[in-house]
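The following paragraphs lead the reader through a protein structure, from the terms required to the details of individual residues. The sequence and the structure are shown first.

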Amino acid sequence: RVFLRAINQYADMLNKKFLDQTNFELQLWNNYFHLAVAFLTQESLQLENFSSAKRTKILNKYGDMRRQIGFEIRDMWYNLGQHKIKFIPEMVGPILEMTLIPETELRKATIPIFFDMMQCEFHSTRSFQRFENEIITKLDHEVEGGRGDEQYKVLFDKILLEHCRKHKYLAKSGETFVKLVVRLMERLLDYRTIMHDENKENRMSCTVNVL
């Protein structure tokens, strides 16, 4: 809780002193996002790994601090305005790590950041190729490391499709991208499940699907 308060004070200072065009400090903002995501993903805050009694005790005393800092990260991202493009594609990995935390409200609040990144890169270069490549690479790594689940896949699909379909220029390419990533996620989750299967043919079949 002490660290959370300190990070929030850091965030206030960034917004007040280091956000406008003349005083913008890329490294400080970069440090903020990496620090906040590291705080959110630390082992001691992953409540689903605790017994229900311990989880209830923590929630009653402190609330879910992951949700608190996650909403703060989301607000800080949107505060960046015209500076956002400077964080693409480098910030895709940390944001992905945050959205994969198995907390539904946190996921719903932060998955839309991906659409904002797509939109931002599209306005700058007329495509979102760098964002797409980065999320595919990082997703592979994260799912292999044990993160991600069926609920995440469904939310990712639903939220991003809704955003893309409302956008004049991203409707078609955005939908293609979302379907591609959801299919990849399906394959990766299948592969992870079957990795310990004794049946070599099943393992080979999943490997071929991922490739």
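A residue counts as buried when its relative accessible area is under 20%, as exposed when that area is over 50%, and as partly exposed in between. Glu175, at 21% relative accessibility, therefore counts as partly exposed. The model discussed here is a predicted one.

The overall architecture may be considered next. The chain contains eleven helices and zero strands, so that its pattern, read along the sequence, is α-α-α-α-α-α-α-α-α-α-α. Its radius of gyration is 18 Å, close to the 17 Å that the globule rule gives for 211 residues, so the chain is as compact as a globular protein of that length. Along the principal axes, the C-alpha trace spans about 60 × 50 × 30 Å. Of the 211 residues, 42% count as buried.

Side chains of opposite charge can pair when their charged atoms come close.

Arg66 and Glu48 meet through their side chains in a salt bridge of 3.0 Å, N to O. Arg66 belongs to helix H4 (residues 65-79), whereas Glu48 lies in the loop between helix H2 (26-41) and H3, so the pair ties together parts that are 18 residues apart in sequence. With a relative accessible area of 2%, Arg66 is buried because this value falls under 20%. Glu48 has a relative accessible area of 34% and is therefore partly exposed. Both residues also take part in a network of salt bridges that links Glu48, Asp64 and Arg66.

Glu121 and Arg130 form another salt bridge, at 3.7 Å from N to O. Here Glu121 counts as buried, at 2% relative accessibility, while Arg130, with a relative accessible area of 40%, is partly exposed.

In the pair formed by Arg165 and Glu175, the closest N and O atoms of the salt bridge are 3.1 Å apart. This pair links distant parts of the chain, with Arg165 in helix H9 (residues 150-165) and Glu175 in helix H10 (residues 171-194), ten residues apart.

Arg1, Arg5, Lys57 and Lys61 form a positive surface patch. Of these, Lys61 is found in helix H3 (residues 52-62). Its relative accessible area is 55%, and Lys61 is therefore exposed.

In which helix is Met98 found? Met98 is part of helix H5 (residues 92-99). This residue is buried, with a relative accessible area of 0%. Although Met98 and Leu40 are 58 residues apart along the chain, their C-alpha atoms are separated by 7.2 Å.

Two details of the backbone complete the account. A cis peptide bond joins Ile88 and Pro89, with omega at about 10°; Pro89 lies in the loop between H4 and H5. Arg126 has a phi near 70°, a positive value in a residue other than glycine. The place of Arg126 is the loop between helix H7 (112-125) and helix H8 (129-144).

Key:
Residues are numbered from 1 along each chain as its sequence is written. This is a predicted model: local features need pLDDT of at least 70, side-chain atom pairs count only at pLDDT 80 or more; totals for chains, interfaces and linings use all residues. Side-chain values use heavy atoms; hydrogens and water are left out. Patches are made of residues with over 30% relative accessible area and no salt bridge: like charges are joined within 9 Å, nonpolar side chains (Val, Leu, Ile, Met, Phe, Trp, Tyr) within 5 Å. Accessible areas come from the Shrake-Rupley method with a 1.4 Å probe; for residues, only the protein chains shown count as cover. A salt bridge is a side-chain nitrogen of Lys or Arg within 4 Å of a carboxyl oxygen of Asp or Glu. Lys and Arg count as positive and Asp and Glu as negative; His and the chain ends are not counted. The place of a charge is taken as NZ of Lys, CZ of Arg, CG of Asp or CD of Glu. Helices (H or I, at least four residues) and strands (E, at least two) are DSSP runs, numbered from the N terminus. Buried means under 20% relative accessible area, exposed over 50%, partly exposed in between (1.4 Å probe, protein chains only). The radius of gyration is taken over C-alpha atoms; the globule rule is 2.2 Å times the number of residues to the power 0.38.
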